Amino acid sequence: MPLSMYQASIPTFVRGLNNLSAILTKAAAYAAAKKIDPSVLINARLAPDMFPLARQIQIAADIVKGGAARLAGIEVPSYPDTETTFDELQARIAKTIAFIQSVKAAQIDGSEERDITLKAGNNDMRFKGQPYLLTFVIPNLYFHTSIAYAILRHNGLDIGKKDFLGNY
């Protein structure tokens, strides 16, 4: 049986966000134990020209909710980017997971050839559904979740590959 668009998307998105949530739980506990102001970690970045942790999480959530919605042919929900605490970031992840889990397989399966257009500044990015999922959405999810992981690891959080990949 071939892998469906739904099977390649929603479970992958949920797993990535759940693993990110678990890492954030460890980060909040680490900040409390070390008496680090949580905003130090939330605003941390790997390089001056990179987004901070909070923005990495917002983008990871945005990429999967947009991916699920566009593949399903439904409106992409809009979330304000106002999170400044671990609890608020966790709430964004939970809200995103709830949304993507509400999208049914029947809405996504068969979207391989769906035309998808994204605005990128003044330019339009055009995709068919399958390349959009495989070459844009999934790589972006992994990029932003791995940067969030790296920011926290760089700041002393004791996490490893298993935290990023989660349990099997």
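Helices (H or I, at least four residues) and strands (E, at least two) are DSSP runs numbered from the N terminus.

The model is predicted; local features need pLDDT of at least 70, side-chain atom pairs count only at pLDDT 80 or more, and totals for chains, interfaces and linings use all residues. Residues are numbered from 1 along each chain as its sequence is written, and side-chain values use heavy atoms, with hydrogens and water left out.

Not counting residues up to four places away in sequence, I100 touches I10, F13, V14, L17, V64, K65 and A68, contact meaning heavy atoms within 4.5 Å. G66, in helix α3, is buried at 0% relative accessibility (buried, under 20% relative accessible area; exposed, over 50%; partly exposed in between; 1.4 Å probe, protein chains only).

Helix α1 (residues 5–34) has 30 residues and should span 44 Å at 1.5 Å a residue, in agreement with the 43 Å between its end C-alpha atoms; the expected span is 1.5 Å times one less than the number of residues. K35 follows α1 and lies in the loop between α1 and α2. Although not a glycine, K35 has a positive phi of about 55°. K35 is exposed, with a relative accessible area of 74%.
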